[in-house]
Amino acid sequence: MSKKIITTMNKLAAGVAVGVTAMAAGYTGSVVAADAEWAGFVENATYVRDGVGLSKFRNTAQAEFSKSIKTEGWSNVSINGTLRATYDGVYDLNDGEFGKDATEDYLGANWHGEDTSTVILAPGTPFPCDNDPTKCNSLKDYMDQDENEARFPEFNDQLDFIRELYISADKQLDNGDILNLSFGKQQVVWGKTDLFRVLDVINPVDYSRHNIYDELEDIRIPQWMLTAEWRMGPNEIFDDSNLSFIWNIDQFRPSNLGTCGQPYRILDAGCFFSSELAVGPFAGTPIIHDVVDYDWSLENTQIGAKWEGVYGDATFSVNALHYRQQLPSIHARSAGAPLPDGIFDIHFPRVNLLGGSIDYYSMDMDAVWRLETSYTQGEEQPRDTNGFKETDMFRYVIGFDKNITIPELGTRSAFLVSTQLFGEHILDHEVDMPNEADNWIATLLFKGFYVNNRLSPQIIIAHDFGAEATAIAPSVEYLIDDHWKVNVGFNIKEGGDKKFPWSVSGPSDQTEPLARFLNGPIGVANQEDEFQMSVRYSF
Amino acid sequence: MLNKTFISLALTAAVSTTAIAATDQDVENSFFPYKSGVPSYNGLSAGMTINQSNVEQFKEILDPAMYEFLKAGDTEIKVGETTSFDLHSSYVDATKANLANVKLGDNPGEISGSVAGRPFPEEPSMDDPRAGEKLAWNYKYGYNWGDSAAIMPFYWKFRNMETGKLERTLKFNFHFLNFTHRTQQDPTPAITPNPSNLFRGIYVQVLEPFDVKNTQLLIQRFEDDLKRDNAYLYLGFQRRVRRLSTGQVTDSFLGSDVMIEDFEGYNGRISDMKWTFKGTRNMLVPMYNHNEMVLDSESHQDDEGYQVVAFGGKGNCFPNVTYQLRKVYEVESASVDSNHPISKRQHFIDAQTFTIPRNITYDRKGDMWKSWSIGQAHPDHHLPQNKGTGVAIDDAFTMIDMQAQHCTTGQFKGIVDPELTPANKMTVQNLRASGK
């Protein structure tokens, strides 16, 4: 059970609360605060990787609070926060494999056998800010964390130990509608997909925590945002209607792909970016010269709007977002010989997104269909020539959820079957892009419930058709009581064998450096087969 | 032969769909069955205890599952005075106002003319092939929680009946709201706009423990009984609303012994079941004055000094409440869908309130599977704000899985207050807003 604790709010929270409330309400009178409700957990996650040993020894403490405040004129006023502290002991317990001293024989040694291309590129420098000041400076404000910051990932300049801290308040309008304002560091969730995202792109994601496999709730990087929701409720046509606006006023942060030396670095991008030319007259030239800074300015903020509602058996949303690409785009600095201080700059271009979603319950099938789509302008895709090309992108996911009773499997509880098919279409595709013009990823979740739902086995399967790569993750969760929970499982991957020609080293297909994009997050992790166990105590 | 069958069917339809007009006297008899006296049974008196030693004497006024529990010594029951649970006068008046208008349609799940009040107040007849269905309609459009109410908080405890071990405690808030068939709270008889013609909403929010915190459930039931409910689930750890298929409605709710379809005795469509009236009888059912019961001072404390009902008996699976001898209608509902996890339920519907204080659920093989009790507290002996509401307050439930020897118990703080359940509580957007 969560405990009701009388607490003194910290000055920051109180400042946000009183300031925003007074600002929004134009009200300067007294504010009455109730006791805060606290809940949270401590957890150890220990993962062991085949042939590598310990890959995670993550210890997390998380506390969530909500504090109601009574004011005149506004209702449901509350300050909400989530604090998290993590220590990952893998850098102390398996420092031969991970950390600042974890060297590789060749670039990509963690996911493919050496090939001819690897003689051109040197292995990535682990934690450049511990080992190479020049590369550290080149990757400044992007992949510049040192080993200690990976060990304690929330304790950084962005104060990530404050995962969320926002104030929310409702204003009852004269016509019965409700206006809600929320301001602070928060997650805003669009979309309803698992593992991969189509519309849920407002917050960047920390893939260094556990690739794509942790709940998005735990790996979204909260942002300072102001949201306004106009909750119109039902009208003569719609059963529910809501219009919301988002203004992300935070300084732009890209998704965290993992720094070279960390156990989870999606697409092995971290080591590629901290690599350098290994042979020839340009030996020693770093891959990355600079990461373009997007200093805070009004025009660098991000805005979005969503209209959502319910019409009969369908729930729907229409979404628009003006944001910045959260994955890096590498721009060659020179069309000819590489410049000695670095070959590429990393950009995060502006993107306009238009999208929508619809959920439909089919009475005949007794199942729910989900559709999400997005069309973006301004994204940049990697290619051999110049490193990138701007192209419009079309993404979609079709989801199908159904509950099935299978008495033969020894339980009266229904099994949840949830499937998703993600599609991606590159509208201006080029042959030198290390991605298919059309690609699909299919996912399956099959989850059962035993012993009053306290024992829950499940299997997740994800298959990337273009990469011909598959991840299989069976696991069993056991709730011992209201406080203790144990989860044991495996995460097995196959694939990652795709090659792609790199014109610099010749016309033949090879792995480095571009095939990492073709093999995707599942294929590039093909040697990350793991046994995983976590133990959580909630309060 | 064909003609004969056709004529027979036509006559049956005519008999069952043509309203044999109920009278004001029928209404009086239906709502005030104890006006001229309460039922009695040889040897039964208020204050006595029925247990293993004397259960055989009272078998006739016990339902089969309760008889088995008493016979096995799993529990004992104290007998209380039979009291009248008068429903709110607005509901009685609405019943009178619509007397001549209500008719069953040709098929189960079809009804016309029911605006508010009890649709079929006349005494059910064993000769009426659709009597069971009419009683089901009386339950569906019953006063139940009135026009709106909330259970804040609501404790569910998962218990091993054999060992008594308390496995889980879930703390909820539940809200109920009628969009139509309203009689007492403004607006009446319906909330507008209501484009999909919803009849009722049920909103559930989990407060504790942490692993299911902020899980929310929204059920929207349509006025059209042939249309399946819209059900939405918000999972706190995913922060998103998902539509539910009915597979989850007939599944264990959050690991409890209760399925969503079990809520309040039956929480589904009339048309999902074949309803059969089995007879009228006097039976002991858990209906009482909350303030006079043994209360649990540990599970819940608040500034009002309210305490929830205590539990005892085998595995602490039985509410410590008194049972009173009351007129009940026994109705059987057999699932139409052969894939439904149960074969049938045996409902013991309180004739005055049309609540369902006792249910027995049978598995697909026809064996007794679960026993449902929901204690009904008189509103005038409960929270001060419930006095005079005319709502029989759901106050304590137990769902016992007799095969698994496991139970889920529920302890309520039921409050009849429209302020707690505004219409915007029953929107999908509320799930997102409340779960954030």
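**View 1. The contact between chain A and chain B in the predicted model.** In this predicted model, the contact takes 49 residues from chain A and 38 residues from chain B. On the side of chain A that touches chain B, the elements that give two or more residues are β2 (32-49), β6 (178-186), β8 (240-248), β14 (350-362), β15 (367-377) and β18 (393-404) of chain A. Of these elements, β18(A) gives the most to that side, with four residues. By residue class, the side of chain A that touches chain B divides into 18 nonpolar, 14 polar and 17 charged residues. For the model as a whole, the scores are ipTM 0.83 and pTM 0.88.

**View 2. The largest nonpolar core and a second, separate one.** The largest nonpolar core has 111 residues, of which Leu135(B), Phe172(B), Leu218(B), Tyr232(B), Leu284(B) and Ile349(B) touch the most other members. When neighbours within four places in sequence are left aside, Leu218(B) is in contact with Gly201(B), Tyr203(B), Tyr232(B), Met426(B), Val428(B) and Leu431(B). In soluble globular proteins, nonpolar side chains tend to be buried together.

**View 3. Helix α4 of chain B and its buried face.** Helix α4 of chain B covers residues 89-97, and its buried residues are Tyr91(B), Val92(B), Ala94(B) and Thr95(B). Because the buried residues of α4(B) fall within an arc of 160° when seen down the helix axis, they line one face of the helix. The element against which the buried residues of α4(B) pack is α2 (24-31) of chain B.

**View 4. The fold of chain A.** Chain A contains eight helices and 26 strands, and its C-alpha trace spans about 75 × 60 × 50 Å along the principal axes. A compact globule of 539 residues would have a radius of gyration near 24 Å, and chain A, with 24 Å, therefore agrees with that expectation. Of the 539 residues of chain A, 46% count as buried. Among the contacts in chain A with a separation of 6 or more, 63% are accounted for by residues 24 or more positions apart.

**View 5. Confidence along chain B, with residues 1-19 set apart.** Chain B averages a pLDDT of 93, and 95% of its residues score at least 70. Over residues 1-19 of chain B, by contrast, pLDDT stays under 50, and for this stretch the model has 12 contacts beyond four places in sequence.

Key:
Residues numbered from 1 in each chain as written. Chains lettered and ligands numbered in written order. Predicted model: local features only at pLDDT ≥ 70, side-chain atom pairs only at ≥ 80, totals over all residues. pLDDT = per-residue confidence, 0-100. Contact = placed C-beta atoms within 7 Å. Nonpolar A, V, L, I, M, F, W, Y, C, P; charged D, E, K, R; others polar. Core = buried A, V, L, I, M, F, W, Y, C linked by C-beta atoms within 7 Å. Buried ≥ 20, exposed ≤ 12 C-beta atoms within 10 Å, placed from the backbone. Rg over C-alpha atoms; globule rule 2.2 N^0.38 Å. Arc of directions from axis to C-beta.
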